[in-house]
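Please read the following walk-through with the structure open beside it. The paragraphs go from the overall division of a chain to the contact between chains, and then to selected details.

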There are 2 protein chains.
Amino acid sequence: MAVEAARVNDDLIEALREIVGPRLSTSAAVCEQHGRDESYHTPHPPDVVVFAESTDEVAGIVKACARRQVPVIPFGAGTSLEGHVAALHGGVCIDLGAMDQVVAVNPEDMDATVQAGVTRAQLNTYLRDTGLFFPIDPGAEASIGGMTATRASGTNAVRYGTMRENVLALIVVLADGRVIRTSRRARKSSAGYDLTRLFVGSEGTLGVITEITLRLYGIPEAISAAVCAFPTVADAVNTVILTIQSGVPVARIELLDKRQMEAVNTYSDLEYAAAPTLFFEFHGTERAVAEQAETVQAIAADLGGENFAWATRPEDRDKLWKARHDALYASLALRPGCRGWVTDVCVPISRLAECITETTADLEKSPLIATIVGHVGDGNFHVVLLVDPDQAEEIAEAERFNERLVMRALAMDGTCTGEHGIGHGKMDFLIAEHGEAVGVMRAIKQALDPDNIMNPGKIVRV
Amino acid sequence: MAVEAARVNDDLIEALREIVGPRLSTSAAVCEQHGRDESYHTPHPPDVVVFAESTDEVAGIVKACARRQVPVIPFGAGTSLEGHVAALHGGVCIDLGAMDQVVAVNPEDMDATVQAGVTRAQLNTYLRDTGLFFPIDPGAEASIGGMTATRASGTNAVRYGTMRENVLALIVVLADGRVIRTSRRARKSSAGYDLTRLFVGSEGTLGVITEITLRLYGIPEAISAAVCAFPTVADAVNTVILTIQSGVPVARIELLDKRQMEAVNTYSDLEYAAAPTLFFEFHGTERAVAEQAETVQAIAADLGGENFAWATRPEDRDKLWKARHDALYASLALRPGCRGWVTDVCVPISRLAECITETTADLEKSPLIATIVGHVGDGNFHVVLLVDPDQAEEIAEAERFNERLVMRALAMDGTCTGEHGIGHGKMDFLIAEHGEAVGVMRAIKQALDPDNIMNPGKIVRV
């Protein structure tokens with residue numbers, strides 16, 4: 001049985017003040033802001049928010065909470081999409097935003113160590129003069145700590161991997177306040193259980209990640225981008241499959257469906273064909289990039305790809321990518337006043353055309369208004385449902401649609417979430433996906449957090 | 001306290017016979033063979049060896065052992081190097097060699113599912129007509145199950161990653177006989193704790209891996225190889241650093257030290273310079289491979305690299321790589337009758353030259369005869385100590401040298417093992433490396449294997 005969560009009392013507030021001084025708030029506005037993310041999920045404010053500035057402070061805060069069995073909810077930038085930061089049982093939110101220091105950059109080793117509150121944009125700005133960059137780019141301006149905790153990815157995972165592949169080591173505050181480092185800085189190791197990968201994607205339920213060592217990459221000598229429209233989604237996806245199979249180390253392949261292209265044409269005053277469209281980016285030497293673009297153009301042409309446009313100058317590339325960058329806002333503009341409910345499944349690439357085609361047919365039968373965008377090189381796509389949060393029946397239909405989508409993906413050997421995580425929004429889908437293995441996850445949760453104080457009510461029920 | 005291991009009795013033998021019929025042996029020769037690996041560690045034979053042919057059989061065997069609290073030791077090809085298969089507390093060895101079926105190949109998704117006993121050579125032979133291959137190549141003819149359990153890598157991890165990056169999903173028999181699948185076939189997922197990565201590298205201590213789904217890669221259109229000698233190890237390693245930093249997607253960079261080059265010249269009748277030498281391999285299109293070789297040649301020339309030789313035809317490449325392939329046998333031939341004690345550390349690449357230089361100086365002060373080979377693109381290298389197992393003082397000096405080497409690597413933010421694993425040979429080094437984090441590993445071990453029957457006495461003490 002779950003341990004009933006204790007509530008925050010004056011004694012705990014006093015203990016927290018001893019650690020963080022005035023960097024603590026119980027104001028309704030601050031608590032409310034820390035109980036919501038960017039999703040459609042109902043906010044659940046914590047009882048108190050503390051703003052930590054070091055691993056030691058986090059350890060002290062967790063110890064104070066552990067002693068009193070009060071829930072601890074880590075908070076990065078609040079950009080998650082499955083209710084990860086909701087304080088379902090009240091408790092103490094630890095805002096890590098002020099832990100925004102780049103601790104070390106080792107250019108020779110192509111790695112950097114950052115505090116959890118550093119955002120990806122901040123890190124890349126910091127790295128500007130080193131010739132290195134950190135590639136993982138979820139849509140939001142997320143913190144590296146949050147990206148690690150949700151095993152995030154983004155548009156260029158097809159080339160550079162996700163947070164799973166790009167975190168080298170972590171400093172983690174455990175549920176009893178002990179501090180561990182999960183790994184050394186060596187690029188590979190066979191020394192014991194892979195604690196780094198266990199904490200990547202653990203969503204604050206096993207401990208608080210306070211420092212992250214990341215792989216960096218050399219900024220490519222040349223970058224080129226290309227856009228190409230296709231008669232059908234299947235043609236576009238088959239182009240993706242052949243591109244990947246041919247070994248072209250494409251950095252990005254993004255799909256926008258017909259409705260999404262119409263939306264961006266209207267929103268951004270562009271004149272792209274109203275058809276399923278792929279956006280590509282290639283990284284490498286001048287010669288390699290040209291060669292990659294030629295190969296892909298030939299593959300696309302065989303599958304009915306038209307108006308293959310490509311660009312190498314930064315300003316031309318930016319123009320080319322504008323439609324992709326504006327996709328979410330363009331979708332929201334289709335229905336002023338709505339909220340975006342962003343789904344997130346990922347299937348083996350061989351099933352992607354089928355999955356998107358069936359999903360499009362499902363959408364056409366439903367009253368929902370939606371667009372589709374996808375990191376299709378990985379088999380990952382999102383349906384952006386434009387819903388009115390005040391219309392209960394519409395929300396219910398969105399829920400049913402989302403469930404059908406997840407079950408369709410699972411039936412194709414896919415996953416219920418490619419990059420957004422479980423939070424409390426997808427706990428039932430986790431069981432549908434993993435079955436007996438959820439019992440192993442629960443055993444790990446109980447072993448590392450016996451009192452269930454670390455972000456309780458997320459990922460697994462205990 | 002550890003649960004004292006129960007011993008195999010007639011009742012258990014009877015229960016095992018009901019599962020595997022005649023595929024069971026208690027003969028001294030069979031047990032002895034299954035208690036030894038390829039290392040210098042003392043063999044510890046199990047009480048009985050069963051030859052499993054399916055996941056169901058493995059589940060039945062583990063259940064029978066669990067009921068009686070008898071240890072279970074999974075056995076692949078017996079090529080491990082830290083005593084992983086030693087039956088320290090007796091028990092039942094499950095030989096998975098007969099689980100040698102390729103279950104499925106999905107060329108469109110570039111993945112394959114194999115039973116644990118399939119070897120990497122077998123898999124690549126099977127894949128020959130698909131245009132795909134599986135890149136991970138530890139020195140030995142290991143089984144994929146064993147490679148997964150030790151988080152193995154090899155010469156081309158610098159390009160393709162290790163088993164950590166290349167396993168997509170596992171079927172695992174848990175300590176109580178339950179069977180789980182750790183993941184779907186989708187290329188990425190944020191659905192719950194990363195059980196796949198937890199079992200990769202768990203060395204049979206958390207469960208028995210019976211099926212593995214692997215990433216595959218397209219066979220490159222062109223492959224070229226190059227060899228280059230350097231004045232010093234530092235020059236060679238600096239060439240490696242600059243190559244990696246320049247973004248050249250080199251597939252292999254292997255270092256052989258001066259003594260190793262002398263050994264292969266003698267052993268294989270070659271005429272390479274007796275100097276620290278790098279062996280490169282490049283994968284890509286014809287143009288890309290030529291461009292990569294040019295870039296590397298320019299970097300090497302700046303650092304005193306001489307006699308840069310390169311080859312693109314298969315037979316010329318094979319000739320070029322012969323020195324590397326023969327390295328172990330050439331070393332052993334330096335001292336007929338000796339055994340090779342192969343160490344295995346990995347450091348951040350910025351510290352590699354320093355680590356190898358200090359290690360070479362250490363060797364020169366010791367009476368030990370040794371060669372150095374390294375997967376230097378990852379910062380990983382091996383010292384092959386040529387020891388007479390009957391000379392206790394020599395073994396003691398090898399132990400002291402190995403400890404100095406590990407402590408040197410740890411002081412440089414490296415790991416005590418890049419690819420061989422912990423087994424029972426490096427358990428103290430694991431504590432030196434991970435400190436408090438070993439407590440987390442122990443908590444996981446106890447949660448998933450409360451009776452400590454899964455390969456007991458390896459990785460963590462309970």
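Domain bounds, as used here, come from an automatic or database domain assignment. The model itself is a predicted one, and for chain A the assignment gives domain 1 (102-218), domain 2 (222-324) and domain 3 (330-420). The centres of domain 1 of chain A and domain 2 of chain A, taken over C-alpha atoms, are separated by 29 Å. Where these two domains meet, four residues of domain 1 of chain A are in contact with seven residues of domain 2 of chain A, and the side contributed by domain 1 of chain A consists, by class, of one nonpolar, two polar and one charged residues.

The contact between the chains takes 73 residues from chain A and 74 residues from chain B. On the side of chain A that touches chain B, several elements each supply at least two residues, among them helix H7 (163-166), strand S9 (179-181), helix H9 (233-245) and helix H11 (286-302) of chain A. The largest share of that side, eight residues, is provided by H17(A). Sorted by class, the side of chain A that touches chain B has 27 nonpolar, 26 polar and 20 charged residues.

For A:Val92, once its neighbours within four places in sequence are left aside, the residues in contact include A:Val8, A:Pro46, A:Ile61, A:Cys65 and A:Val72.

Because 13 other C-beta atoms lie within 10 Å, A:Asp56 is partly exposed. Although A:Asp56 and A:Ile19 are 37 residues apart along the chain, their C-alpha atoms are separated by 9.3 Å.

In chain B, how many of the eight residues of strand S8 (residues 167-174) are buried? Eight of the eight are, so strand S8 of chain B is largely enclosed by the rest of the structure. S8(B) pairs in the antiparallel sense with strand S10 (residues 207-215) of chain B over seven bridges, and B:Val167 has B:Leu214 in S10(B) as its bridge partner. S8(B) also pairs in the antiparallel sense with strand S9 (residues 179-181) of chain B, over three bridges, with B:Ile171 standing opposite B:Arg181 in S9(B). The hairpin of S8(B) and S9(B) has four residues between the strands, and in this hairpin B:Gly177 takes a positive phi near 90 degrees.

Terms used
Residues numbered from 1 in each chain as written. Chains lettered and ligands numbered in written order. Predicted model: local features only at pLDDT ≥ 70, side-chain atom pairs only at ≥ 80, totals over all residues. Buried ≥ 20, exposed ≤ 12 C-beta atoms within 10 Å, placed from the backbone. Nonpolar A, V, L, I, M, F, W, Y, C, P; charged D, E, K, R; others polar. Pairing = 2+ DSSP bridges.
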